[in-house]
Structure formats: structure tokens, C-alpha cells
Amino acid sequence: MKILVAVDGSKYSREAALWAVKIARKENEAKIIAVYVERLFSRENYLLNDEEFDLSIEKKANDIFEKSFENIDIEGIKLEKVVEKGSPASKILDVADREDVDLIVVGNRGSSGISNFFLGSVSDKVFTYSVRPVLVVKIREKEPIIETVAIT
């Protein structure tokens, strides 16, 4: 089984990575493909030349991969790391097709902040446009509030 998990350094993508590992443990010969996508408009330093920019993305991606799987036992699970540049939802779907994955795992929110308000969330787009099964992982931020209604 091939499982694609999208990571961006947020606690939501870390939870997605944890679920991808949990699912992979249940399968024989599972492979996780961790995908980090750098949004091109988020280029932090326009003074960098292309080579320096690519190196900075590679360093950032490696830090995100390390953070995403920190303290998660991935022994015995094949892990491939993929770095892409562009629109996260589009690139996640491209990698899913190229690698012929069986499942896509994404967090329900990411680290993109206000841009989600204008562009829509990555998880919504992946869920909507994927032809493959998608698991959208949520984090329980607080206990649900249960209201008791008394009928008189």
C-alpha cells in the first residue's frame, strides 16, 4: 500500500503523519510518501538566486520532514520524501497520480494562515478533486460541548 501524506510543519500535518504511520503499520510492505510543497508566492527572500532559493527550500523541507515524523516510530516502513514547488493542492494531486498512491492523508488545516480565507483550504481542494481515497485528519482542540435539553 502506498500512502501519501502532505506535511507543512503544522500540528495538523504532524497528526496526518501519525495517522499515515498508524495505517501503514496495518499493511504489508507499506510505503509512505511524505510531500512538502513550497508555495512560490511565499518566497521569503527575493534577493536569493535560483540555486540559493532551491537550497533554502531543501533545508526548510528537511526541517519540516524531521518535525513531522519526530518521535514517531517509522521503523520497518519505507519513507520517501518529495519536495515540490507551486500550488499545494495541485502538486499533492500530481504526486498522488504519478506515484499511483492508494490513500492521501492530509490535515484539516495547515500553516498557510490568512491565504486559506482567499484561496480555500488545501485539504478541501484535495478532497474535492482527488479520484483517490482521502483521509482528512482533525485534531480535537477541545472536548465537544454536549448540551443537555430538559423536556418538560
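Of the 152 residues in the protein, 39% are buried. The model is a predicted one. The exposed surface comes to about 9900 Å², and carbon and sulfur atoms supply 52% of that area.

**Overall organisation**

- The protein contains 5 helices and 5 strands.
- Read from the N terminus, the order of these elements is β-α-β-α-β-α-β-α-α-β.
- Among contacts in the protein with a separation of 6 or more, 80% are accounted for by residues 24 or more positions apart.

**Nonpolar cores**

- The largest nonpolar core consists of 21 residues, and Val5, Ile32, Phe69 and Val105 are the members with the most contacts inside it.
- At least two residues of this core come from each of strand S1 (2-6), helix H1 (11-25), strand S2 (31-38), helix H2 (50-68) and strand S4 (103-107).
- Helix H1 provides the largest share of this core, with 5 residues.
- Phe69 touches Val5, Arg14, Ala17, Val21, Ile32, Ala34, Ile74 and Leu79, when residues up to four places away in sequence are not counted.

- Glu84 belongs to strand S3, which spans residues 78-85.
- The relative accessible area of Glu84 is 16%, and the residue therefore counts as buried, the cut-off being under 20%.
- The side chain of Glu84 is joined to that of Arg98 by a polar contact of 3.1 Å.
- Beyond its neighbours within four places in sequence, Glu84 is in contact with Tyr36, Val37, Glu38, Lys91, Val95 and Arg98.

**Aromatic rings**

- How many aromatic pairs does a search of the whole structure find? The search finds 0 such pairs.
- The ring of Trp19 has a lysine over its face: Lys22 lies there, at 4.2 Å from the ring centre.

How values were computed
Residues numbered from 1 in each chain as written. Predicted model: local features only at pLDDT ≥ 70, side-chain atom pairs only at ≥ 80, totals over all residues. Heavy atoms only, no water. Phe/Tyr/Trp six-rings, centres within 6.5 Å; stacked < 30°, edge-to-face > 60°. Lys NZ or Arg CZ within 6 Å of the ring centre and 35° of its normal. Helix = DSSP H or I, 4+ residues; strand = E, 2+ residues; numbered from the N terminus. Buried < 20%, exposed > 50% of the residue type's maximum accessible area, 1.4 Å probe, protein only. Contact = heavy atoms within 4.5 Å. Areas by Shrake-Rupley, 256 points an atom, 1.4 Å probe, with all protein chains shown as cover. Polar contact = N/O pair within 3.5 Å; in protein donor to acceptor, adjacent residues only side chain to side chain. Core = buried A, V, L, I, M, F, W, Y, C linked by side-chain atoms within 4.5 Å.
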